[in-house]
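My notes are below, in the order I looked things up.

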Amino acid sequence: MIIGIVAISINHAIGKDGKLPWHYTHDLRYFKETTMGNAVVMGSSTWRAIGKALPGRLNIVLSRSGLGDAPAGVLRLSTKDEIVELAHYLSRDVYIIGGAKKYETFANVIDEWVVTEIPIEIADADTFFDTRLLNGFESFQRINLTKELLVKKMRRSPQTIVE
Ligand SMILES: NC(=O)c1ccc[n+]([C@@H]2O[C@H](COP(=O)([O-])OP(=O)(O)OC[C@H]3O[C@@H](n4cnc5c(N)ncnc54)[C@H](OP(=O)(O)O)[C@@H]3O)[C@@H](O)[C@H]2O)c1
């Protein structure tokens, strides 16, 4: 499956100055547990924000211009189609981990979303999630990471699946 995973603030912010504009340990731990053993696909800005290959996962960076000296084991691909093709051959899930442009690029092939609702507003954010990408998806599981942090798992509503 191809799965989008994202943390979104109340005002739909996901990033600021190339970084996550919050620090929630429980969400980072949940992200790690969820994606572990699978493939993670990110844009080159998100790759720079993370700053290293995520251990225990196949790291794929989508970039047209290259990554300079990417560490061994990090796969750089330049088109969405290459990644979708690769996903068919992998016996693991492919998580689209951002940023905003990647979610938009993969929106029509994403089977499920894992959305953490960040319970704060980020007034001066510069990267936002287009919540229209969640249209046609319905929540099938809700997980409380803490009293204030909620994760919603969503899948395509049956009537929106196009064969
Ligand atoms: N809250 C969250 O869950 C979350 C998750 C991830 C990231 N973030 C935040 O989001 C921000 C980064 O997001 P972003 O949208 O600015 O950047 P991004 O999607 O990570 O990367 C954008 C770059 O990816 C490459 N690219 C984009 N579309 C492409 C395509 N169709 N084919 C090939 N390459 C393509 C281009 O770089 P090239 O020049 O290399 O081609 C483009 O400049 C950061 O602040 C980060 O911390 C938040």
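These entries go from the whole chain down to single residues.

**Ground rules.** I am working with a predicted model, where local features need pLDDT of at least 70, side-chain atom pairs count only at pLDDT 80 or more, and totals for chains, interfaces and linings use all residues. I number residues from 1 along each chain as its sequence is written.

**Whole chain.** I counted four helices and ten strands in the protein chain. Helices here are DSSP runs of H or I with at least four residues, strands are runs of E with at least two, and both are numbered from the N terminus. From the N terminus on, I read the order as β-β-α-β-α-β-β-α-β-α-β-β-β-β. The radius of gyration is 15 Å, close to the 15 Å that the globule rule gives for 163 residues, so the chain is as compact as a globular protein of that length. (That radius is taken over C-alpha atoms, and the rule is 2.2 Å times the number of residues to the power 0.38.) The C-alpha trace spans about 40 × 40 × 25 Å along its principal axes.

I then checked burial: 29% of the 163 residues are buried. Buried means 20 or more other C-beta atoms within 10 Å of the residue's own, exposed means 12 or fewer, and partly exposed is in between, with C-beta atoms placed from the backbone. Among contacts between residues at least 6 apart in sequence, 65% join residues at least 24 apart. A contact is two C-beta atoms, placed from the backbone, within 7 Å.

**The sheet.** I traced an open sheet of eight strands with mixed pairing, in the order β5-β4-β3-β6-β1-β7-β10-β9. Strands pair if DSSP finds at least two bridges between them. β5 (74–77) and β9 (137–144) are at the edges with a single partner strand each, so one side of each has no neighbour in the sheet. On average, neighbouring strands are turned by 25° against each other, direction ignored. Angles come from lines fitted to C-alpha atoms, for helices over the stretch in contact, and run from 0 to 180 degrees between N-to-C directions.

Helix α1 (residues 25–35) lies across β1, β3, β6, β7 and β10, and runs at about 180° to β1.

**Strand β3.** Five of the five residues in β3 (residues 39–43) are buried. Ala39, Val41 and Gly43 point one way, while Val40 and Met42 point the other.

What joins β3 to β4? I found five bridges to β4 (residues 58–62), in parallel, with Ala39 partnered by Leu58. The chain gets from β3 to β4 through helix α2 (residues 44–50), in a right-handed β-α-β crossover. (Right-handed: with the strands pointing away from the viewer, the path from the first strand over the helix to the second runs clockwise.) Strand β6 (residues 94–96) also runs parallel to β3, over three bridges, and there Ala39 stands opposite Val94. Further out, β4 and β5 pair in parallel over four bridges, and Leu62 has Leu77 as its bridge partner.

**The core.** Which residues have the most contacts inside the largest nonpolar core? They are Val41 and Tyr95, in a core of 34 residues. Such a core is a set of buried Ala, Val, Leu, Ile, Met, Phe, Trp, Tyr and Cys residues joined through C-beta atoms within 7 Å. Leaving out residues up to four places away in sequence, Val41 touches Ile60, Leu62, Ile83, Val94, Tyr95, Ile96, Ile97 and Lys102.

Most residues other than glycine have a negative phi, and most peptide bonds are trans. I noted these exceptions:

- The peptide bond from Gly98 to Gly99 is cis, with omega near 5°, and Gly99 is in the loop between β6 and α4.
- His12, in the loop between β1 and β2, has a positive phi near 70°.
- Asp17, in the loop between β2 and α1, has a positive phi near 50°. Asp17 is exposed, with 10 other C-beta atoms within 10 Å.

**Two last look-ups.** Lys80 is in helix α3 (residues 80–89) and is partly exposed, with 16 C-beta neighbours inside 10 Å. Its C-alpha is 9.0 Å from that of Lys102, 22 residues away in sequence. Thr146 is in the loop between β9 and β10, and with 11 C-beta neighbours inside 10 Å, Thr146 counts as exposed.
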